[in-house]
Amino acid sequence: MRLQEFLQLLLLCSLGASAVPSEQDAADSLPAPAQRIEFACSNGSLPSMSFVTSLSIRGCPVFVHRLGAVKAGRFVLEPTFCITEPAALRSPGAHFDLLTNEFYFSFPVNVTDETLATEAASMLSHLSPKSVSFLEVTSVRMNSSNSLAFTKASFLWGPTEFIGHLRLMCAEFACPSLAMNLERDRLEPFDNIRLVASMRAGEGCAAFERAFPVTVARAPFLPIESLQRPRSSALPACSDLQLFRVVHLDNCTAYVHQRRGKRGHFVIEPLLCPTPSFQLLRDFSLGSHYVRLPALIEDESVIAAVRSRIGSASVESLEFMKLWHASIHVSSRLSQWRFEALRLSVDRRTAELRAYCNTRKSCELLVSIFKSEPVNFWKNVQWTATFLLEDNCELRSEKLRFVFRMKERSGGEGQVSTAIGQKVDSLRNKTVVRNNRHFVIVLQRGCRSSNFNRFWSEYVSGFGDEHNFWIGLETLHWLTSPQSVRMRVEMLLWNDTEWFAEYSGFSVGNAARLYTMKYSSMLREQSSLVYDALASSNGTKFSTRDRDNDGHSTANYCSKKWGGYGGWWYAACGHTNPNGVYNYGDSRATTISGWQFKESYKAAKEFRMMVQI
């Protein structure tokens with residue numbers, strides 16, 4: 001009997017953190033609600049609601065709607081679904097559910113705290129509200145489209161509660177990683193969680209649904225669509241604005257407008273200027289790497305600088321317009337990275353752009369490009385935007401503008417010092433797209449402008465010009481490790497027929513392994529070639545005219561006698577030799593740059609070898 005009581009006690013302890021309180025307990029724990037003015041709908045219809053503005057209360061976004069006629073002075077707030085207790089994130093404790101045998105973290109989520117409604121009423125005093133209250137939430141469910149790489153989520157809440165509990169379930173091995181990310185204020189696990197709430201404005205009103213993100217109080221950034229709502233009618237254009245001056249700051253350009261009919265009153269367009277603190281991060285919830293590119297939207301120091309530049313005018317007021325919407329337009333030159341929609345801080349003073357990458361190396365390449373030539377990089381990212389003036393009118397950009405307006409850096413700044421950065425010049429202009437996949441060309445030939453009869457050290461470091469080049473064994477090893485990649489060869493023969501083949505699991509070892517080349521298989525469904533001529537080279541070491549690793553009995557035979565002094569993965573001696581002597585015309589000689597077909601060896605007019613990134 002004691003054992004049974006002990007097990008019951010253990011089960012109650014396990015469920016204690018998530019136990020649903022009784023109605024009486026819930027009523028006792030709720031603060032005194034603000035006085036509500038009931039709004040009746042006829043025949044179960046939807047209420048007449050129009051979006052007014054968004055507020056930032058205790059670091060949470062709060063959306064305000066007008067209910068009914070303007071004279072009625074009734075305002076309703078959307079549920080917040082905001083985590084307001086930072087300690088719950090920085091010191092998360094894993095729990096274990098004995099019923100489901102799952103580990104989980106639990107986070108309190110504010111839904112309809114009436115004290116927020118009281119603060120909202122104070123902030124809306126200029127609109128003379130008669131009542132400010134939350135919409136009545138009748139049910140909450142998880143959005144079925146949530147995509148979490150590491151966990152699943154659930155939400156515990158009852159209609160009488162103003163606080164719900166978000167549970168993130170995780171496998172035992174994933175829980176420590178999740179806790180570590182939260183302790184470091186890495187909030188990506190919440191980015192892809194959506195809750196669908198059913199709401200109504202009062203008795204007799206029809207319920208309606210809306211999906212909400214789970215936000216974190218004073219979170220650095222939220223998707224821009226999470227900070228706006230469609231309006232029932234478009235705001236009029238700001239017809240009383242006239243561009244007054246364009247002020248060039250250190251790394252920004254400020255567009256200053258004067259308000260017609262209001263002498264001395266000026267406004268500044270949101271800046272969207274870059275800051276140098278970009279980071280390469282990992283989105284733990286999606287299992288992807290991305291580069292975080294922060295930006296400044298408004299700042300008091302900018303107001304002071306602009307004021308000093310227009311000091312000759314009598315300035316009575318100078319303030320920023322509100323950034324309401326921004327659409328990002330990315331050039332095809334940057335198509336190998338996936339750029340997310342702009343993210344804003346709740347106070348709309350700062351922003352960030354995220355560029356997601358297929359691999360970590362792709363992110364490292366982006367960071368190096370940004371560090372070496374930021375101006376040229378940002379000129380490939382453009383935007384159109386909508387700015388609001390006191391929530392009364394809007395100013396839309398009439399044409400695309402460069403998103404981050406930067407001036408050229410002076411000599412010596414922004415130099416890339418890392419090993420990755422040193423490879424940028426040889427990689428930046430060698431990226432091509434094949435069937436929506438991105439490849440870096442590592443070998444290209446098309447004429448005799450560059451000699452391929454080179455020594456070991458040159459094949460290690462790389463050589464050539466913009467038309468004919470070998471990227472280098474060290475770079476090739478860097479591109480194909482620690483994970484293997486897909487490799488593709490393309491060739492144009494002298495009869496003007498084009499051929500290609502793709503190989504999975506391609507990798508090149510390090511110098512200690514003499515740059516051994518391996519691949520898993522030739523992908524015949526992705527190839528026009530039928531015969532796998534590279535098979536004899538699979539697993540072989542690299543050889544050059546002065547370094548014999550080909551396994552042939554005669555020293556340096558494959559490179560010197562058979563291969564025309566080129567460097568390649570020869571295997572006594574093999575059936576491929578793209579780095580042989582370039583010949584103007586077809587030939588069957590193996591010393592000539594070419595490839596073995598099923599029927600015979602053929603010289604290549606053009607040849608490219610590339611690896612996917």
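In the predicted model, strand 2 and strand 12 (208-213) each contribute at least two residues to the lining of the largest cavity. Of these contributors, strand 2 gives the most, with three residues. The space in this cavity amounts to about 80 Å³. Its lining consists of 11 residues, and those closest to the centre are Pro-61, Phe-63, Thr-80, Phe-212 and Arg-229. By class, six of the lining residues are nonpolar, three are polar and two are charged.

A search of the whole structure returned two cavities of 30 Å³ or more. The second largest cavity holds about 40 Å³ of space and is lined by Lys-361, Ser-362, Leu-365, Leu-427, Val-440, Trp-478, Leu-479 and Ile-613. Helix 7 (360-372) and helix 12 (473-479) each supply at least two residues of this lining, and helix 7 gives the most, with three residues. Six nonpolar residues, one polar residue and one charged residue make up the lining of the second largest cavity. At least three of its residues are drawn from each of domain 2 (241-396) and domain 3 (427-612).

Strand 2 also takes part in the largest pocket: strand 1 (49-57), strand 2 (60-67), strand 21 (317-320) and strand 26 (381-389) each provide at least two residues of the pocket lining. The largest share, seven residues, comes from strand 1. About 820 Å³ of space lies in this pocket. The lining comprises 30 residues, of which Thr-53, Ser-54, Lys-322, Glu-390 and Asp-391 lie nearest the centre of the pocket. In terms of class, 14 of the lining residues are nonpolar, six are polar and 10 are charged. Domain 1 (49-218) and domain 2 (241-396) each contribute at least three residues to the lining of the largest pocket.

The pairing of strand 2 was examined next. Strand 2 is joined to strand 3 (residues 74-77) in the antiparallel sense over four bridges, with Leu-67 having Arg-74 of strand 3 as its bridge partner. The hairpin formed by strand 2 and strand 3 has six residues between the strands, and Gly-68 adopts a positive phi near 80 degrees there. Strand 3 pairs in turn with strand 7 (residues 131-134), in the parallel sense and again over four bridges. In this pairing, the bridge partner of Leu-77 is Phe-134 in strand 7.

Strand 21, which contributes to the lining of the largest pocket, belongs to an open sheet of four strands in the order 15-16-17-21, with mixed pairing. Strand 15 (241-248) and strand 21 stand at the edges of the sheet with a single partner strand each, so one side of each lacks a neighbour in the sheet. On average, neighbouring strands of this sheet are turned by 25 degrees against each other, direction ignored. Within the sheet, strand 16 (residues 253-259) and strand 17 (residues 265-268) run antiparallel and are joined by three bridges. In this pair, His-257 is placed opposite Val-267 of strand 17. Helix 6 (residues 300-309) packs on the sheet, where it touches strand 15, strand 16, strand 17 and strand 21. The direction of helix 6 makes about 140 degrees with that of strand 21.

Conventions. Residues are numbered from 1 along each chain as its sequence is written. This is a predicted model: local features need pLDDT of at least 70, side-chain atom pairs count only at pLDDT 80 or more; totals for chains, interfaces and linings use all residues. Side-chain values use heavy atoms; hydrogens and water are left out. On a 1 Å grid over the protein atoms alone, a cavity is a set of points where a 1.4 Å probe fits but cannot get out, and a pocket is an open set with protein on both sides within 12 Å along at least five of seven lines; lining residues have an atom within 4 Å of a point. Grid points are joined across faces, edges and corners, and a volume is the space filled by probe spheres set on the points. Ala, Val, Leu, Ile, Met, Phe, Trp, Tyr, Cys and Pro count as nonpolar, Asp, Glu, Lys and Arg as charged, and the others, Gly among them, as polar. Domain bounds come from an automatic or database domain assignment. Two strands pair if DSSP finds at least two bridges between them. Axes are lines fitted to C-alpha atoms, for helices over the stretch in contact, and angles run from 0 to 180 degrees between N-to-C directions. Contact means heavy atoms within 4.5 Å.
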